[in-house]
Amino acid sequence: MYTVTGTYGSKTVTNANPWDMWVKSDGTKIWALITTNTGSKDTIIQFSMSTPYDVSTASFDSTFTMGSRHRFKFTSDGARLYTTQPVLGSPNIRYWNLSPAFTLPSDGTAETGTISVPGSSGDSGKFFDQYY
């Protein structure tokens with residue numbers, strides 16, 4: 001398993017595990033979801049790429065730290081960010097309205113809303129893939 005270590009803005013990350021990644025359709029931005037070994041707080045790190053799809057040109061933009069999440073997605077227009085709760089516990093999808101588009105919320109920003117996921121706690125990922 002790979003680990004992430006580094007300083008991103010004011011956040012220092014040590015031995016965090018990458019869980020998910022998303023690239024903007026035009027290749028100019030990339031996001032990585034990392035979780036600490038304690039699993040209590042996860043962070044999305046945003047980078048811009050000066051040459052589309054070339055990670056060697058990536059530069060740090062911002063971070064967004066939230067409660068424990070396993071996956072994330074943006075709507076195609078970047079107006080909303082969705083995250084899933086881990087498969088243990090009450091499954092749900094949280095979302096934030098973004099303005100401007102594809103810009104991470106500030107740390108501590110409360111979610112815009114929560115969607116309860118039907119079924120057992122193990123179904124949240126399947127529901128997320130199917131509808132978001």
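## Glutamine 85, a buried loop residue

Glutamine 85 is buried, with a relative accessible area of 17%; buried means under 20% relative accessible area, exposed over 50% and partly exposed in between, using a 1.4 Å probe and protein chains only. Glutamine 85 sits in the loop between β7 (80-84) and β8. Strands here are DSSP runs of E with at least two residues, numbered from the N terminus. From C-alpha to C-alpha, glutamine 85 and phenylalanine 72 are 9.6 Å apart in space and 13 residues apart in sequence.

A word on the model you are looking at: it is predicted, with local features needing pLDDT of at least 70 and side-chain atom pairs counting only at pLDDT 80 or more, while totals for chains, interfaces and linings use all residues. Residues are numbered from 1 along each chain as its sequence is written, and side-chain values use heavy atoms, leaving out hydrogens and water.

## The four-stranded sheet

Let's move to the strands. Four of them make an open sheet in the order β6-β7-β8-β9, with antiparallel pairing; two strands pair if DSSP finds at least two bridges between them. At the edges are β6 (71-74) and β9 (113-116), each pairing on one side only.

Strand β8 (residues 92-97) joins β9 through four bridges in the antiparallel sense. Arginine 94 has threonine 114, in β9, as its bridge partner.

## A tyrosine pair and an aromatic cluster

Across the whole structure, a search finds 10 aromatic pairs. Rings of Phe, Tyr and Trp (its six-membered ring) pair if their centres lie within 6.5 Å; planes under 30 degrees apart count as stacked, over 60 as edge-to-face and the rest as tilted. The pair of tyrosine 82 and tyrosine 95 is tilted, because the ring planes are at 50 degrees, with the centres 5.9 Å apart. This pair links distant parts of the chain, since tyrosine 82 is in strand β7 and tyrosine 95 in strand β8, 13 residues apart.

Both tyrosines are buried: tyrosine 82 has 9% relative accessibility, and tyrosine 95 has a relative accessible area of 16%. Elsewhere in the list of rings, Trp22, Trp31, Phe72, Phe74 and Phe102 form one aromatic cluster.

## Two nonpolar cores

A nonpolar core is a set of buried Ala, Val, Leu, Ile, Met, Phe, Trp, Tyr and Cys residues joined through side-chain atoms within 4.5 Å. The largest one has 13 residues, and Trp31, Ile44, Phe72, Phe74, Leu81 and Leu104 have the most contacts inside it. At least two residues of this core come from each of β3 (29-35), β5 (58-67) and β6.

Another core, of five residues, lies apart from the largest one; Ile30, Ile34, Phe47 and Met49 are among its members.
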